[in-house]
Amino acid sequence: MRKTSPWLWLSALLVCLFLYIPLAVVVVYSFNDSRLNAEWVGFTWHWYQVLLHDEEMLQAAANSIFIAICASLIATTLGTMAGIAIQRYKLRLLPVLTITPVAMPEILLGVSLLLFFIQVLHLTLGLLSVLIAHITFCIGFVAIVVRARLAGMDESIFEAARDLGATPWQTFRLITLPLIMPAVVAGALMSFTLSIDDFVITFFTAGVGVSTLPLQIYSMIKIAVTPEVNAVSTLLMLLTLGMIMLATRFDKSVLRGQG
Amino acid sequence: MPLLELRNVSRHYGRLSAVDNVSLSIEAGEFFTLLGPSGCGKTTILRMIAGFDAPDTGQILLDGQDLADTPPERRPLHTVFQSYALFPHLSVAENIEFPLKMAQVAASERARRVRETLEAVSLSDKADAMPQQLSGGQQQRVALARALVNQPRLLLLDEPLAALDHKLREQMQMELIGLQRDLGITFVFVTHHQPEALALSHRIAVMNQGHVEQLDEPSKIYAAPRNRFVAHFIGDINLLDCTLLARENDQLRLAIPGLGEILAPAHTTAQPGQTGAFAIRPEQMLIGDPAQHRDLPNRRDGVVRELLYSGDVTTYKVELANGLHIQALLANVKPGLVQFFEVGDAVSVAWPADAGLFLDA
């Protein structure tokens, strides 16, 4: 093995500290037996119990999970189709069009979706508008991951299936889908985490009646950062972390981003 | 009626003409080879036969039926791909079973045929292995087995041996010949490797820039190439620019600038005055001491400039009086003697009047 410089280790450590100290503070204070985030008093599960009895918070969580599941299922279906089409037809414009929402500033996407829903579709903002918005920005991520997986494959495999008697649908079901499955699952898990975490786009498209976890947290800290916010943040963090770890297990190209 | 017929088939990609008005007939049971350099259109033809590409104009007929409206999965032919294209998520046995499943063969029958086919390619012990666990030669066998298991009318092979090393390649060539003979399935084989084409085929179509330069048996292609391209592409050959002076009985009198007149056999209808090339294989050249071969009509003095020792034979590059280089090949049959001549030796090269041929194209 190549000898690694201690400076490299040190800088890696510093980056990790920089990234995770704020998160660690949130986690630690969610167990703090005090109403204030000022000083450590003692260990408690109290704030998690408060959380479980907070009706508004539970409703927001239910909304978030419902939207995340629906958005990831639909975005995965559409994104997989897009990824296959991009790889198969070698189109110039389609990859750009599919991937742009991934790179576009969220605020732009949020505002444009808001205008689209209200002025073009005359849609009442609510769960449906949030769902559509989430599907929009998840498709690109799925397409990137699926395409990255296909790009590493010998294309004559799919021709061989046709050649050996499989119809296009049989080829997809028996050959293409099993081969890209890791990327599809990884794309779905990524979509789920993106959806459940999203604030900006949700903020623009949720309207007044509907809340999701990030929106709920934001409305709570407008008053004060209570330890209950720390507790819900900790849970959200755990869920996200778990999903990302699962996604990278299924497909390494998630780590590379664009394959 | 031929098994497969191409009638005036053309295929263009933009302004590039990949296949240009090609007509071919392939008989049942034939081992037919499309041979040519890369980009000559041979793979495009194969893809059009398989149904992955379609001709712009012209027809492809199988048993007299136009294939234009038949998708790849309904054509009674299979392809062996250059990359083998084995399904990486299926085991060896499942790969071979795939075409039987698609043809809705009953499960018990499928199991029997997979077993028999695995035996035929001596891979019974690898039935449950995954493709990436096999060596290149074994993967090649699985690809062949998978393409042959439901007895197609026609087998298309796209440079199937290109990825194998030399020894394995020769062994697979032998197996292909045996397989084709035993099964009686028609093979259409694509390669750029001319020794392979000569060794395997019943007939060869030599292709260049989208059209067929010559279609013939291997021995005819080698011994009587129709034009400079074929002569140059198949094997090694000396091509000397010359002018046809006269036809005398069954001989031609040719003038080579700087070398004077030579005699060549009259295989052509070319008329005196026509320019062309005199083509002769290195192994038809006799090389000897300056005093040797005085009885032969075609004889020139020269100096050995380079030699290439290949064990069984040595190829000598001899510079003639007019500065031309010609190659002569000599088998190293004398025991204990590595080669007959050294670089710088004065030699004579000679050839009989019935060797070589005049190419007017």
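The structure is a predicted model, in which local features need pLDDT of at least 70, side-chain atom pairs count only at pLDDT 80 or more, and totals for chains, interfaces and linings use all residues. Residues are numbered from 1 along each chain as its sequence is written, while chains are lettered from A and ligands numbered from 1 in the order in which they are written.

Chain A comes first. Its secondary structure amounts to 12 helices and zero strands, with helices (H or I, at least four residues) and strands (E, at least two) taken as DSSP runs and numbered from the N terminus. The C-alpha trace of chain A spans about 70 × 65 × 30 Å along its principal axes. Of its 259 residues, 37% count as buried; a residue is buried if 20 or more other C-beta atoms lie within 10 Å of its own, exposed if 12 or fewer, and partly exposed in between, with C-beta atoms placed from the backbone. Among the contacts in chain A with a separation of 6 or more, 78% link residues 24 or more positions apart. Here two residues are in contact if their C-beta atoms, placed from the backbone, lie within 7 Å.

Now for the interface. On one side sit 15 residues of chain A, in contact with 17 residues of chain B.

On the chain B side, His78(B) is worth a look. It lies in strand E6 (residues 77-80) of chain B and is buried, with 27 other C-beta atoms within 10 Å. Leaving aside neighbours within four places in sequence, His78(B) is in contact with Asp163(A) and Leu164(A), and also with Pro99(B), Ala147(B), Pro152(B) and Leu155(B). His78(B) and Ile49(B) are 29 residues apart in sequence and 9.9 Å apart in space, C-alpha to C-alpha.

Chain B is divided into domain 1 (4-231) and domain 2 (236-353), with bounds from an automatic or database domain assignment. Taken over C-alpha atoms, the centres of the two domains are 39 Å apart. Four residues of domain 1 are in contact with five residues of domain 2, and the domain 1 side of that contact divides into three nonpolar, no polar and one charged.

The largest nonpolar core has 101 residues, and Ile49(B), Leu155(B), Leu156(B), Val188(B) and Phe278(B) have the most contacts inside it. Such a core is a set of buried Ala, Val, Leu, Ile, Met, Phe, Trp, Tyr and Cys residues joined through C-beta atoms within 7 Å. Helix H4 (residues 136-148) of chain B gives the largest share of this core, six residues. Domain 1 and domain 2 of chain B both give residues to this core, so it lies between them. Val188(B), leaving aside neighbours within four places in sequence, is in contact with Ile26(B), Phe32(B), Leu46(B), Ile49(B), Leu154(B) and Leu156(B). Another core, of 48 residues, lies apart from it and includes Ala133(A), Phe137(A), Cys138(A) and Val184(A).

Next, the strands of chain B. Strands E11 (residues 238-248) and E12 (residues 251-256) pair in the antiparallel sense over five bridges; strands count as paired if DSSP finds at least two bridges between them. Glu248(B) stands opposite Gln251(B) in E12(B). This hairpin has two residues between its strands, and Asn249(B) takes a positive phi near 50 degrees. E12(B) also runs antiparallel to strand E13 (residues 260-265) of chain B, joined by six bridges, and here Gln251(B) stands opposite Pro265(B). In the hairpin of E12(B) and E13(B), with three residues between the strands, Gly258(B) takes a positive phi near 85 degrees.

Further along chain B, five strands form an open sheet in the order E15-E19-E16-E17-E18, with antiparallel pairing. Strand E15 (286-288) and strand E18 (325-331) stand at the edges with a single partner strand each, so one side of each is left without a neighbour in the sheet. Within the sheet, seven bridges join strand E16 (residues 298-309) to strand E17 (residues 313-320), and Tyr309(B) stands opposite Thr314(B) in E17(B).

How values were computed
Nonpolar A, V, L, I, M, F, W, Y, C, P; charged D, E, K, R; others polar.
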